[in-house]
Amino acid sequence: MLTAERRELQALAREFAEAELRPKTAEWDERRELDDEVFGKLADSGFLGMRVPEAYGGLEFDLATYLVVLEELAWGDAAVALTVAIHNGPVVALVDRYGTEEQRERWLPRLASGEALGAFALSEPEAGSDPSSITSTASRK
(Lines give C-alpha, C1' and ligand atoms only; values in the text may rest on other atoms or scores of the structure.)
Protein backbone atom coordinates (compact mmCIF):
# COMPACT_ATOMS: atom_id res chain seq x y z
CA MET A 1 0.00 0.00 0.00
CA LEU A 2 1.32 3.40 -0.92
CA THR A 3 1.05 5.51 2.20
CA ALA A 4 1.51 9.26 2.01
CA GLU A 5 5.10 8.86 3.25
CA ARG A 6 5.85 6.21 0.61
CA ARG A 7 4.37 8.40 -2.12
CA GLU A 8 6.59 11.28 -0.99
CA LEU A 9 9.69 9.07 -1.00
CA GLN A 10 8.67 7.65 -4.37
CA ALA A 11 8.46 11.17 -5.78
CA LEU A 12 11.87 12.08 -4.34
CA ALA A 13 13.41 8.95 -5.85
CA ARG A 14 11.75 9.69 -9.21
CA GLU A 15 13.15 13.23 -9.17
CA PHE A 16 16.60 11.88 -8.37
CA ALA A 17 16.38 9.28 -11.13
CA GLU A 18 15.20 11.84 -13.65
CA ALA A 19 17.86 14.40 -12.80
CA GLU A 20 20.87 12.25 -11.91
CA LEU A 21 20.46 8.90 -13.67
CA ARG A 22 18.45 9.02 -16.88
CA PRO A 23 20.58 11.72 -18.54
CA LYS A 24 23.68 9.54 -18.08
CA THR A 25 22.34 6.04 -18.71
CA ALA A 26 23.27 5.86 -22.40
CA GLU A 27 26.80 7.07 -21.72
CA TRP A 28 27.24 4.61 -18.84
CA ASP A 29 25.95 1.78 -20.99
CA GLU A 30 28.29 2.75 -23.80
CA ARG A 31 31.31 2.89 -21.47
CA ARG A 32 30.11 -0.11 -19.44
CA GLU A 33 30.81 1.73 -16.19
CA LEU A 34 29.14 4.15 -13.81
CA ASP A 35 30.62 7.50 -12.78
CA ASP A 36 31.96 7.41 -9.24
CA GLU A 37 30.17 10.66 -8.45
CA VAL A 38 26.77 8.95 -8.63
CA PHE A 39 27.57 7.02 -5.46
CA GLY A 40 28.20 10.22 -3.53
CA LYS A 41 24.89 11.58 -4.74
CA LEU A 42 23.13 8.35 -3.78
CA ALA A 43 24.69 8.58 -0.32
CA ASP A 44 23.76 12.25 0.07
CA SER A 45 20.17 11.35 -0.79
CA GLY A 46 20.14 8.57 1.82
CA PHE A 47 19.67 5.81 -0.75
CA LEU A 48 22.75 3.90 0.39
CA GLY A 49 21.38 3.70 3.93
CA MET A 50 17.80 2.68 3.24
CA ARG A 51 18.05 -0.68 5.02
CA VAL A 52 20.71 0.29 7.57
CA PRO A 53 19.24 0.58 11.08
CA GLU A 54 18.80 4.13 12.37
CA ALA A 55 21.12 3.34 15.30
CA TYR A 56 23.95 3.09 12.77
CA GLY A 57 23.08 6.18 10.75
CA GLY A 58 20.67 4.63 8.25
CA LEU A 59 17.04 5.25 7.37
CA GLU A 60 15.82 1.76 8.39
CA PHE A 61 13.10 1.65 5.72
CA ASP A 62 10.69 -1.24 5.86
CA LEU A 63 10.83 -3.56 2.86
CA ALA A 64 7.83 -2.02 1.06
CA THR A 65 9.21 1.52 1.29
CA TYR A 66 12.64 0.36 0.20
CA LEU A 67 11.19 -1.40 -2.84
CA VAL A 68 9.15 1.64 -3.89
CA VAL A 69 12.33 3.74 -3.90
CA LEU A 70 14.35 1.02 -5.60
CA GLU A 71 11.76 0.76 -8.38
CA GLU A 72 12.15 4.46 -9.14
CA LEU A 73 15.93 4.17 -9.19
CA ALA A 74 15.57 1.27 -11.65
CA TRP A 75 13.41 3.49 -13.85
CA GLY A 76 16.39 5.84 -13.89
CA ASP A 77 19.11 3.25 -14.45
CA ALA A 78 18.94 -0.50 -13.89
CA ALA A 79 22.66 -0.85 -13.10
CA VAL A 80 22.45 1.80 -10.40
CA ALA A 81 19.37 0.16 -8.91
CA LEU A 82 21.09 -3.23 -8.86
CA THR A 83 24.14 -1.71 -7.16
CA VAL A 84 21.93 -0.04 -4.54
CA ALA A 85 19.96 -3.28 -4.07
CA ILE A 86 23.09 -5.36 -3.47
CA HIS A 87 24.53 -2.72 -1.16
CA ASN A 88 21.32 -2.40 0.91
CA GLY A 89 20.22 -6.01 0.54
CA PRO A 90 22.63 -8.84 1.17
CA VAL A 91 25.56 -6.70 2.29
CA VAL A 92 23.75 -4.64 4.92
CA ALA A 93 21.52 -7.54 5.96
CA LEU A 94 24.41 -9.95 6.49
CA VAL A 95 26.50 -7.47 8.46
CA ASP A 96 23.47 -6.49 10.57
CA ARG A 97 22.28 -10.03 11.21
CA TYR A 98 25.51 -12.00 11.52
CA GLY A 99 28.17 -9.42 12.30
CA THR A 100 29.48 -8.82 15.77
CA GLU A 101 28.56 -5.55 17.44
CA GLU A 102 32.08 -4.34 16.67
CA GLN A 103 31.57 -5.18 12.97
CA ARG A 104 28.16 -3.48 12.90
CA GLU A 105 29.62 -0.34 14.51
CA ARG A 106 32.53 -0.36 12.08
CA TRP A 107 30.69 -1.10 8.82
CA LEU A 108 27.04 -0.07 8.98
CA PRO A 109 27.67 3.68 9.42
CA ARG A 110 30.23 3.56 6.61
CA LEU A 111 27.75 1.73 4.36
CA ALA A 112 24.96 4.18 5.20
CA SER A 113 27.13 7.23 4.50
CA GLY A 114 28.61 5.88 1.28
CA GLU A 115 32.13 5.84 2.73
CA ALA A 116 32.07 2.12 1.87
CA LEU A 117 30.15 0.55 -0.99
CA GLY A 118 28.94 -3.00 -0.47
CA ALA A 119 29.35 -5.71 -3.12
CA PHE A 120 29.55 -9.48 -3.38
CA ALA A 121 30.75 -12.13 -5.80
CA LEU A 122 28.38 -14.85 -6.92
CA SER A 123 30.02 -16.74 -9.72
CA GLU A 124 32.45 -19.59 -10.31
CA PRO A 125 33.47 -21.35 -13.53
CA GLU A 126 31.71 -24.61 -12.59
CA ALA A 127 28.77 -23.04 -10.74
CA GLY A 128 27.83 -19.98 -12.74
CA SER A 129 25.69 -17.89 -10.42
CA ASP A 130 23.99 -20.82 -8.66
CA PRO A 131 24.89 -20.14 -5.02
CA SER A 132 24.20 -23.73 -3.96
CA SER A 133 26.96 -24.96 -6.32
CA ILE A 134 29.68 -22.53 -5.25
CA THR A 135 32.61 -24.23 -3.54
CA SER A 136 34.99 -21.33 -2.87
CA THR A 137 35.87 -20.58 0.72
CA ALA A 138 37.87 -17.87 2.39
CA SER A 139 40.78 -18.44 4.69
CA ARG A 140 42.80 -15.92 6.64
CA LYS A 141 46.48 -15.93 5.67
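Predicted model: local features only at pLDDT ≥ 70, side-chain atom pairs only at ≥ 80, totals over all residues.

Reader: What makes the contact of Arg31 and Glu27 a salt bridge?

Author: The cut-off is 4 Å between a side-chain nitrogen of Lys or Arg and a carboxyl oxygen of Asp or Glu. Arg31 and Glu27 meet at 2.3 Å, N to O. The value is within 4 Å, so the label applies.

Reader: How far apart are Arg31 and Glu27 in helix α2?

Author: They are four residues apart, so about one helical turn separates them.

Reader: How many salt bridges does a search of the whole structure find?

Author: Eleven.

Reader: Why is Asp35 called buried?

Author: Buried means under 20% relative accessible area. Asp35 has 19%, so Asp35 counts as buried.

Reader: And why are Arg31, Glu27 and Glu33 called partly exposed?

Author: Arg31 has 32% relative accessibility, so Arg31 is partly exposed. Glu27 has 42% and gets that label too. Glu33, at 46%, is also partly exposed.

Reader: Where is Asp35 found?

Author: Asp35 sits in the loop between α2 (25-31) and α3 (37-44). Leave aside the neighbours within four places in sequence. Then Asp35 is in contact with Lys24, Glu27 and Trp28.

Reader: What makes the pairing of Asp35 and Trp28 a polar contact?

Author: A polar contact needs N or O atoms within 3.5 Å, one able to donate a hydrogen and the other to accept it. The side chains of Asp35 and Trp28 make theirs at 3.2 Å.

Reader: Which residues have the most contacts inside the largest nonpolar core?

Author: They are Leu21, Leu42, Phe47, Val69, Leu73 and Val84. The core has 23 residues. At least two core residues come from each of α1 (4-21), α3, α4 (63-76) and α5 (78-98). The most come from α1, which gives five.

Reader: Why is it called a nonpolar core?

Author: The name is for buried residues of listed kinds, such as Val, Leu and Phe, joined through side-chain atoms within 4.5 Å. In soluble globular proteins, nonpolar side chains tend to be buried together.

Reader: What is Phe47 in contact with, leaving aside its neighbours within four places in sequence?

Author: Phe47 is in contact with Ala13, Phe16, Leu42, Val69, Leu73, Val84 and Asn88. Another core, of nine residues, lies apart from the largest one. Val52, Tyr56, Val91 and Val95 are among its members.

Reader: How many helices and strands does the protein chain have?

Author: It has six helices and zero strands. Along the sequence, the pattern reads α-α-α-α-α-α. The chain has 141 residues, and 38% of them count as buried.

Notes:
Residues numbered from 1 in each chain as written. Heavy atoms only, no water. Buried < 20%, exposed > 50% of the residue type's maximum accessible area, 1.4 Å probe, protein only. Contact = heavy atoms within 4.5 Å.
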